[in-house]
Amino acid sequence: MAKYNLRINGNAQTVDSSDVDKPLLYVLRELKLTATKFGCGLGQCGACTVLIEGAAVRSCQTSVADAGGKSIVTLEGLGSPDNPHPLQTAFINEQVPQCGYCTSGMIMSAAALLSANKKPSEADVCSALDGNLCRCGSHVRVIRAVMAASGQRG
Amino acid sequence: MNAPVKNPCFSRRAILKGGALTVGFALTGSPANVIAQGAVAASRTLDPKEVDSFLAVNGDGTVTLFCGKVDLGQGLRIAIPQIAAEELGINVDKIKFVEGDTELTPDQGRTSGSNGIQRGGMQIRQAAATARKALVDLAAQRLSVKAEDLIATDGEVRSKAGGPGITFASLLGGRQFELKLDPKAPLKDPASYTIVGKALPRPDVPAKCFGTHIYIHDFAVPGMLHARVIRPAAVGAKLISVDESSIKHIPGAKVVRVNDLLAVVADDEWNVIRASRELHAQWSEWNGLPAQADLAAALRAEPGIVDETLVNKGSPAAQRPDGAKVLSATYYWPMQSHASIGPSCAIADVRADSATVWTASQGTHGNQTTFARFLGLPKDKVRLIYLEGSGCYGMNGHEDAAADAAILSRAAGRPVRVQWTREDELGWDPKGPPQLIAISGAVRSDGRILDWRTELWIPKTTRGLPNIPLLAPEAAGLDHVTGVNPGLISQNGDPSYAAESIQVIAHWLKDAPLRPAPIRSPGKPANCFAVESFVDELAAALGADPVEFRLRGLKDPRAIEVIKRTAALMNWQARPYQGASRNSGVARGRGISFVHYKHNETYVGMGMEVAVERASGRIAVERVACAHDCGQIINPDGVRAQVEGSILQTISRVLMEEVMFDRSRVVSVDWASYPILRFSAVPKIDIELIDRPTERPLGAGEAACTAVGAALANAVHDATGIRLRTVPFTPERVKTLLNSKA
């Protein structure tokens with residue numbers, strides 16, 4: 001059983017796994033960090049997006065071995081009701097989620113965008129989120145929320 | 001942002017204290033609490049004729065609503081409390097909401113057909129009105145005053161003249177209402193509404209944005225096994241053999257087999273995934289699916305078709321007047337998947353004498369009978385508890401996953417969580433059936449429709465079927481329902497416009513190639529696509545403006561208003577369709593459609609502006625305008641979200657979606673082979689909601705879907721002169737038509 005040292009939402013975490021290929025998604029969910037969702041297991045839908053060293057990454061396509069030694073942020077670590085991330089505030093204000101299953105991945109992808117591009121255009125937002133699928137059709141609200149979170153009215 | 005209603009799904013407690021029911025919720029996140037508290041049954045009535053079934057006045061000044069309809073993301077968790085709070089006279093933040101639990105909520109029917117508010121909500125409105133009248137009468141007795149001098153407000157009954165009131169809790173004195181729902185209990189005058197009609201925030205939204213909302217996928221019970229069902233290699237294949245040694249190297253992984261229901265289980269989720277990938281199983285050959293390329297034509301020739309005339313108004317004239325235009329056209333809508341982002345998931349704990357099933361089903365109550373039957377248990381020993389899943393737009397895989405979990409739990413002797421894969425979801429969710437629609441008709445030179453005849457080739461719903469047949473009981477060889485249920489897919493086959501004669505004929509098919517089920521606004525996106533495209537074809541044949549042509553045939557002022565408002569949103573200038581302007585590489589056009597949903601519900605006008613890239617055949621929807629009249633609006637932001645979602649989801653269905661299959665199985669089983677709409681294809685959307693507070697509230701979850709296909713096809717016709725009659729409007733299909741026209 002190999003041990004992997006991860007930094008998750010600012011906390012050092014040692015994870016045991018007999019399988020080097022175990023995806024980070026299942027490591028997180030076993031730690032009760034269930035904001036990060038399983039959607040396809042193929043890296044096609046974005047529901048499992050987390051930040052690794054600040055970059056938006058599909059946790060279903062990242063092995064525990066590859067995540068070892070890295071700093072990982074999930075939606076739970078991005079902000080809380082007492083200290084929300086601007087994207088969380090904006091998603092709530094804009095009443096973005098319907099079922100909300102894609103929301104975590106949307107916010108994490110958007111967080112990576114905003115850390116690289118403080119004032120994205122709507123086209124930048126669509127481009128950054130094009131790999132995040134939503135079936136309920138919340139897209140226009142997502143765009144509006146990301147623009148609002150960046151201090152721009154969508 | 002405040003959250004007036006706490007999520008009740010997660011932990012619940014129903015305790016009878018001196019006859020008075022108090023229900024408390026706490027979002028603790030501890031599965032043990034759910035088990036312990038969920039197991040406590042409240043001895044209260046669930047009879048939907050009784051007020052106590054729907055609401056309880058609690059000692060702490062709150063009111064609990066027990067709602068048989070569930071929130072699937074469409075906002076009932078706020079809309080239903082708004083209705084009840086308004087009618088009772090209490091603040092909405094004093095309302096607690098319990099949904100879809102067969103042991104706690106009355107059976108209000110499935111949350112489908114866009115009837116959560118128009119049926120479920122209205123039952124609760126009447127229960128609340130009955131309760132308010134009872135509370136006011138109690139106060140009148142106690143104060144020795146006339147009931148008409150009193151008013152219920154802010155959770156109290158007070159004199160209209162002012163002064164302190166008596167709280168609901170103290171009036172009821174720890175008792176239940178013990179009252180039948182009074183259909184004549186007076187309802188509040190909508191002019192006095194202070195809660196209904198407000199865009200109050202949905203209470204589940206903050207938790208969904210902080211990652212603390214507990215979906216069925218996130219729920220767990222102690223001692224639970226993780227399971228993956230191994231689907232057959234072909235739709236009708238039988239299991240020949242399983243090599244259990246193929247997974248013996250995976251810690252804790254075991255095979256569970258009940259006839260052809262094959263699964264692997266393990267304590268650890270990743271290990272069970274590995275086992276499901278590595279298990280060797282042999283299945284029989286099966287290739288009973290029809291050839292996909294011939295499917296549309298083959299529907300006409302299926303054996304056992306039963307014809308039924310659904311609409312027969314007027315009679316076609318023996319001779320058409322001079323100048324009449326006579327047209328006919330055939331339209332096709334393919335099989336489509338619900339394509340939820342999270343594959344189906346469920347948890348079941350089945351014991352020798354009882355079963356508890358946590359499910360994202362739209363119909364926990366209806367499934368009680370189904371589950372009791374295949375589990376061989378009395379109905380009252382089977383409890384289904386709703387927990388929200390990933391988007392539910394009809395009868396998708398949620399109930400199949402629940403049946404998987406139930407049968408596997410019984411076989412394994414432990415609680416079991418079943419999680420479907422992406423391949424399971426797109427491959428095995430029940431599908432929207434294929435629909436072939438032929439329309440012929442004639443129009444007089446002045447725009448009057450003479451005769452109209454629609455023929456539908458669609459599967460017939462088996463009468464009285466509580467559910468579609470579920471995969472697991474079938475595979476396991478258990479007693480289960482058989483039949484077909486694609487939903488009410490024959491509605492809106494006729495136009496809303498005046499005509500000398502209208503006929504709609506259903507050619508009922510026995511089944512569909514893949515197990516059919518209702519999918520958002522069942523059948524009607526296709527029927528309205530055909531009808532409203534054909535209306536445009538008639539208008540084009542006359543050289544008439546599509547808006548003027550439609551208005552000429554309508555008398556209903558609400559219908560006329562949504563069309564006019566849609567046209568105004570689009571800055572519509574009257575002209576005939578422009579046809580192809582051949583010089584540009586990108587052709588632009590506009591289209592409109594109108595639907596009166598089921599001919600007695602919501603009115604929708606839909607306008608679209610599209611750009612068609614000639615070289616690639618790619619259609620970009622650039623702008624959508626929609627005027628929407630669903631009568632009394634309970635929560636305008638909730639309605640708006642539903643209309644936005646209906647538009648975007650249906651643009652996706654119309655432009656991109658078709659289930660692909662070979663002779664054995666579905667082959668479009670990932671997002672590359674079953675693509676859906678992405679951000680880069682999202683148009684600008686303008687929605688105008690028409691609120692009619694004195695009209696009955698109508699559904700808003702489906703109607704807008706039905707107007708999308710024709711508005712899009714009509715816009716492409718305006719841009720290019722080509723008429724798209726087969727969904728999806730893929731670039732290849734567009735290019736072929738453009739080339740054949742050139």
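A residue is called buried here if 20 or more other C-beta atoms lie within 10 Å of its own, exposed if 12 or fewer, and partly exposed in between, with C-beta atoms placed from the backbone. This is a predicted model, in which local features need pLDDT of at least 70 and side-chain atom pairs count only at pLDDT 80 or more, while totals for chains, interfaces and linings use all residues. Residues are numbered from 1 along each chain as its sequence is written, and chains are lettered from A and ligands numbered from 1 in the order in which they are written.

**Stop 1: G553(B)**

Select G553(B), in the loop between α14 (546-552) and α15 (557-569) of chain B. Helices (H or I, at least four residues) and strands (E, at least two) are DSSP runs, numbered from the N terminus. G553(B) counts as partly exposed because 18 other C-beta atoms lie within 10 Å. Leaving aside residues up to four places away in sequence, G553(B) touches I449(B), Y497(B) and A498(B). Two residues are in contact if their C-beta atoms, placed from the backbone, lie within 7 Å.

**Stop 2: A438(B)**

Move to strand β20 (residues 435-443) of chain B and pick A438(B). A438(B) is partly exposed, since it has 19 other C-beta atoms within 10 Å. Its contacts, not counting residues up to four places away in sequence, are T330(B) and E455(B). A distance drawn from the C-alpha atom of A438(B) to that of D691(B), 253 residues apart along the chain, reads 36 Å.

**Stop 3: backbone features in chain B**

Most residues other than glycine have a negative phi, and most peptide bonds are trans. Select S114(B), a non-glycine residue with a positive phi near 60°. S114(B) sits in the loop between β5 (95-99) and α4 (116-143) of chain B, and is buried because it has 25 C-beta neighbours inside 10 Å.

Next take N571(B), which is not a glycine and has a positive phi of about 55°. The loop that holds N571(B) runs between α15 and β23 (586-596) of chain B. N571(B) is exposed, as 9 other C-beta atoms lie within 10 Å.

Then show V727(B) and P728(B): the peptide bond from the former to the latter is cis, with omega near 0°. P728(B) belongs to the loop between α18 (708-720) and α19 (731-741) of chain B.

**Stop 4: helix α3 of chain B**

Select residues 76-88 of chain B, helix α3, where 13 residues reach 17 Å from first C-alpha to last, close to the 18 Å expected at 1.5 Å a residue. The expected span is 1.5 Å times one less than the number of residues. Of the 13 residues of α3(B), 13 are buried. Just after α3(B), G89(B) has a positive phi of about 90°.

**Stop 5**

Show α4 (residues 86-93) and α5 (residues 103-116) of chain A, whose axes come within 10 Å and cross at roughly 135°. Axes are lines fitted to C-alpha atoms, for helices over the stretch in contact, and angles run from 0 to 180 degrees between N-to-C directions. L87(A), Q88(A) and F91(A) of α4(A) meet T103(A), I107(A), A110(A) and A111(A) of α5(A). By class, these contact residues are five nonpolar, two polar and no charged. Ala, Val, Leu, Ile, Met, Phe, Trp, Tyr, Cys and Pro count as nonpolar, Asp, Glu, Lys and Arg as charged, and the others, Gly among them, as polar.

Helix α7 (residues 139-149) of chain A is mostly covered, with 10 of its 11 residues buried. Its cover includes α4, α5 and α6 (122-128) of chain A, and α16 and β26 (684-690) of chain B. Just after α7(A), G151(A) has a positive phi of about 80°.

**Stop 6: where the chains meet**

Colour by chain; the contact takes 42 residues from chain B and 44 residues from chain A. On the side of chain B that touches chain A, the elements giving two or more residues are α6 (205-210), α7 (269-278) and α16 (636-656) of chain B. Of these, α16(B) gives the most, with seven residues. That side of chain B has 20 nonpolar, 13 polar and nine charged residues.
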